[in-house]
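Here is a friendly walk through some helix packing and a pocket. Have the viewer open as you read.

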Amino acid sequence: MTIQADYDKDFRFQKFGLFRNIVLAVWIVLFVYVGYYYYLGAKLAFAAVALGAFVFSPILFYKSSTDSTKLTKFLFILSCNFYIYTSGLGFEHQILAEYYYLPAAMLPLLFYDLTEKKYVFAGVITPFSCWLLTKFVGSSFLPGYLLYTDASSRELIKNIN
């Protein structure tokens with residue numbers, strides 16, 4: 001790609017507000033999940049998604065309306081991986097969060113040109129690292145009250161105790 005192609009890609013993102021629309025769409029989805037996770041009682045997943053809906057997304061939306069910098073795009077990629085990772089942890093990997101890391105690894109290819117190798121590499125390695133943490137570390141280090149347990153598991157625990 002040439003410098004003109006890089007300029008054209010950034011110009012398209014700014015002119016049509018594509019990045020801003022993507023941030024807005026994720027923000028709306030986060031609000032839906034805030035209510036859903038609150039209803040389910042998944043404390044860790046609720047806290048992470050609420051943090052994203054009420055703190056991260058407004059900041060990213062504001063930054064995307066002022067300027068569409070490389071750092072703002074990278075923070076968006078990091079925040080998306082944070083939502084996937086903490087949701088998977090909060091449900092003890094029952095929601096199969098591993099399948100969401102592949103689309104998350106494609107985000108840097110959407111936002112950056114291939115000449116920006118360090119951003120593309122960091123954006124692709126982040127979901128891969130989160131996947132490794134999900135696969136090999138799991139949720140064993142978290143206290144049990146943060147994790148989601150369905151109603152049948154709660155009844156079983158109550159009967160055992």
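## H4 against H6

H4 and H6 pack with their axes 10 Å apart, at an angle of about 10 degrees. Here axes are lines fitted to C-alpha atoms, for helices over the stretch in contact, and angles run from 0 to 180 degrees between N-to-C directions. Helices are DSSP runs (H or I, at least four residues), numbered from the N terminus. H4 and H6 are therefore roughly parallel to each other, a label used for angles under 35 degrees.

The model is predicted, so local features need pLDDT of at least 70 and side-chain atom pairs count only at pLDDT 80 or more, while totals for chains, interfaces and linings use all residues. Residues are numbered from 1 along each chain as its sequence is written, and side-chain values use heavy atoms, with hydrogens and water left out.

On the H4 side, Lys70, Phe74, Ile77, Leu78, Asn81 and Tyr85 meet Tyr119, Ala122, Gly123, Thr126, Pro127, Cys130, Leu133 and Thr134 of H6; contact means heavy atoms within 4.5 Å. By class, the contact of H4 with H6 has nine nonpolar, four polar and one charged residues. Ala, Val, Leu, Ile, Met, Phe, Trp, Tyr, Cys and Pro count as nonpolar, Asp, Glu, Lys and Arg as charged, and the others, Gly among them, as polar.

## H5 against H6

Helix H5 (residues 101-111) and helix H6 (residues 117-136) have axes that come within 7 Å and cross at roughly 170 degrees. That makes H5 roughly antiparallel to H6, the term for angles over 145 degrees. The crossing of H5 and H6 is right-handed, meaning that the near helix is turned clockwise from the far one by less than a right angle.

From H5, the contact takes in Tyr101, Ala104, Ala105, Pro108 and Leu109, and from H6 residues including Val120, Val124 and Trp131. The contact of H5 with H6 has eleven nonpolar, two polar and no charged residues.

## H2 against H4

Helix H2 (residues 18-40) packs with helix H4 (residues 70-90) at an angle of about 20 degrees, their axes 12 Å apart. H2 and H4 are therefore roughly parallel to each other. In H2, Phe19, Ile22, Val23, Val26, Leu30 and Tyr37 meet H4 residues, among them Phe76 and Tyr83.

## The largest pocket

Which residues lie nearest the centre of the largest pocket? They are Val29, Tyr33, Tyr83, Ile84 and Tyr100, out of 20 lining residues. A pocket is an open set of points on a 1 Å grid over the protein atoms alone, where a 1.4 Å probe fits, with protein on both sides within 12 Å along at least five of seven lines; lining residues have an atom within 4 Å of a point.

H2 gives the largest share of the lining, seven residues. By class, the lining has 19 nonpolar, one polar and no charged residues.

Key:
Helices (H or I, at least four residues) and strands (E, at least two) are DSSP runs, numbered from the N terminus. Angles under 35 degrees count as roughly parallel, over 145 as roughly antiparallel, 65 to 115 as roughly perpendicular and the rest as oblique.
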